[in-house]
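This report describes selected local features of one protein model. Please look over the sequence and structure first.

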Amino acid sequence: MSKNYVIGFPRIGEQRELKKALESYWANKSDVNTLEKTANDLKIRHWEYQKNAGIEYISSNDFSFYDNMLDMAVTLGAVPKRFQDLTGHELYFSMARGNKEAVAMEMTKWFNTNYHYIVPELSLQDSYKLNATKIISEYKQAKEHGIKTKINIIGPLTFLGLSKRVDGADTYELYTKILPIYVELLQEIAKLDDFITVQIDEPIFVKDLDTKVLSLIKPTYDTLATVASNIKIAVVSYFENSCEASKILVHTPIWALGLDFLHGVENFDSLALIAASNKTLIAGVIDGRNIWKNDIEKTVNLLNKIALHVNTENILISSSCSLLHVPFSLQYEEKMDAEIKNWLSYGREKLSEIALVSQLFFHGKKSLNKNQMTALQENIIANNTRKSSKLIHDTKVQKRVNNITKLEREGKYEERIQIQKEKLQYLPLATTTIGSFPQTPEIRHARREFKNGNLDEKNYTDEMKKYIDDCVAFQEECSLEVLVHGEPERNDMVEYFGEQLQGYGFSQNGWVQSYGSRCVKPPFIYGDISRPKAMTVDWITYAQSKTDKIMKGMLTGPVTILNWSFVRDDMPRGEVSKQIALGICDEVDDLQKAGIKIIQVDEAAFKEGYPLRKTKIKAYEDWAVRDFKLSVSSAKKETQIHTHMCYSEFNDIIATIEAMDADVISIETARSGNELLKIFAKVGYKQEVGPGVYDIHSPRIPSVEDIVKQIRLLLEVLPKEQLWINPDCGLKTRKWQEVKSSLKNMVEAVTIVRNELNVK
């Protein structure tokens, strides 16, 4: 046997086949049979890739049409009342995306990744009922193709911990209603085969858990691990250490624990207990979150240290987490610099690394065949050449970083905002958008043709300017007050900047799922970062020339650029962030010198970079706040600095947001009413806030009445003088028809509320 294990595998497809099938289905261009066929083809192909690579434990039920937490909610019958009249795909996609009658369920980040999950909504009044159709059918489908899979499910304590109660109360009060459904599910799974492995994902265990949750671990797994004698249960966690949970789990009848030894080195502290319990250890030693080629010899040494505590017979070699978080395959990277490409490893390549590490660790170098020995030698050479490459180090960048003297902008907020209001002359409840407008097929085509050399620079620029003209004209037509240029030139809010920074690399096909059909193509940082020239000034100043209204400059902040990139692993993340911050600082200065009066420096991913353990948070906050402030340190007092944050629970970071000292922050609140905003009022937040008044992740067009109601809710929390009105997030993924109607309704709603408040 191979004695190896993969936590989970990407499902979007190597050419984003699932994305295309989903969007075709949603647009009524194809039927459900076509969608199902695409899904089935992908599942079979992905199982075969893993089997052919020599992986022993392959997953079923890691596939999803949208999200695994949503799948688990449907499996448990946790369907909100507003969707309970629906069935099948209509029910499923309405929960995820909303429909004409009902808003979608809330969505937020999956721990500290850029993946988003659908937040289950629970109520004490709900009745839960098992629907195991998907899980059972996928297992049978794999078996029909000669592959016996382990079955992946989200664990009950993680499911409850990541859900929300409709009344805001404790979700764990539903434990006694949810656990019996899990028991019933395992009873159904037990009927499928003589012997079955069930992987129960409990990533909530890597967080700082209170006593109540810790007290539920033993009864939960005493119960689940004894449901059926033919089921062996592996409890898997990732992204950090889960030492507290491991101390409890070793005293339950589970078969195995899956631990991340790359992002949770403290898991070493649990090895003696695991060894004493004779549990199997699923050792996460191949990085499932980054794209750098594994150092095979270093990994084998790590495993040898683990083996000092745990018998090798009880060790399985695994990815540190699901490979969902890395691109699919290097196979299609035909334009990448050959030297840099040789340093990388995507999902399929990581399968080969797991297989090679397994062979080398369990059977030694003498057991390697010719191809395996060649692969090992190539791995050693690739890692050595990366360390010494001239592409990595830039002494000018290092010297500038070491000589920084100005770390923040001049003037206190109270002084700045008075100057800004005198110069900018905006009303309370000022209207704007977050930045991007719809990316039309024509725009994408023009960008692609330009990048491929089939469209010259003049024609490309003319095409982009035509879009900007139309975008500015529409914003003026619907009476928005602070405008944006729409970002037609930007493929992605991070990749666009990365393409213009030294030290960044790019892929043709390095797509990673963010949510549903939404994929991003993160750039990667391989060397020291610098900005050779201005990145946005020409586009923003052109847009400003087309209007007398204020045009916002749009930049991505250093922490988000870092968190949404694959980051070099040979220096601390905070030092990489500081290099990026200096580049953004130069861009802010160039924009204001060009006459741009408001500059938005988005930190959409600021919260997702937070460590999962409280003891590590301060170190992150120290350099993250430092680098945001460094990035805007060139701004004059009269230049208004905005920022934007996505999907963030702000209660625990509000002091940090205050420390960032932006003049205006916009946040996503449409799916959660005014709850997120209350913390700003509670702490006496001084700066201005733009809470999103409608959800841009749903195709649903909000009515004027809907938005009026939302604004009134906001006014219950903060005064009108402190509020801006804007959508939840950027509009690039929406269609123009949706955007135009929604923004017109938003402006009309503001007019109604202003009249009520006698604002002129």
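## Surroundings of E138

The model is predicted. Beyond its neighbours within four places in sequence, E138 is in contact with K43, W47, S60, N61, D62 and F63. E138 itself belongs to helix α5, which covers residues 133-144.

The relative accessibility of E138 is 2%, so this residue counts as buried, the cut-off for that class being under 20%. A polar contact of 2.9 Å joins the side chain of E138 to the side chain of K134.

## Packing of α11 and α13

Helix α11 spans residues 296-307 and helix α13 spans residues 347-363. The two pack with their axes 10 Å apart, at an angle of about 55°. Because of this angle, α11 is oblique to α13. The crossing in which α11 passes α13 is right-handed.

On the α11 side, the contact is made by I296, T299, V300, L303, N304 and A307. On the α13 side, E353, L356, V357, L360 and F361 take part. By residue class, the contact of α11 with α13 consists of 8 nonpolar, 2 polar and 1 charged.

M373 is part of helix α14, residues 370-388. With a relative accessible area of 27%, M373 is partly exposed.

Leaving aside neighbours within four places in sequence, M373 is in contact with K365 and L368. L356, one of the α13 residues in the contact with α11, lies 17 residues from M373 along the chain. The C-alpha atoms of L356 and M373 are separated by 9.2 Å.

Technical notes:
Residues are numbered from 1 along each chain as its sequence is written. This is a predicted model: local features need pLDDT of at least 70, side-chain atom pairs count only at pLDDT 80 or more; totals for chains, interfaces and linings use all residues. Side-chain values use heavy atoms; hydrogens and water are left out. Helices (H or I, at least four residues) and strands (E, at least two) are DSSP runs, numbered from the N terminus. Buried means under 20% relative accessible area, exposed over 50%, partly exposed in between (1.4 Å probe, protein chains only). A polar contact is a pair of N or O atoms within 3.5 Å; within protein, one must be able to donate a hydrogen and the other to accept it, and residues adjacent in sequence count only if both atoms are side-chain atoms. Contact means heavy atoms within 4.5 Å. Axes are lines fitted to C-alpha atoms, for helices over the stretch in contact, and angles run from 0 to 180 degrees between N-to-C directions. Angles under 35 degrees count as roughly parallel, over 145 as roughly antiparallel, 65 to 115 as roughly perpendicular and the rest as oblique. A crossing is left-handed if the near helix is turned anticlockwise from the far one by less than a right angle, and right-handed if clockwise. Ala, Val, Leu, Ile, Met, Phe, Trp, Tyr, Cys and Pro count as nonpolar, Asp, Glu, Lys and Arg as charged, and the others, Gly among them, as polar.
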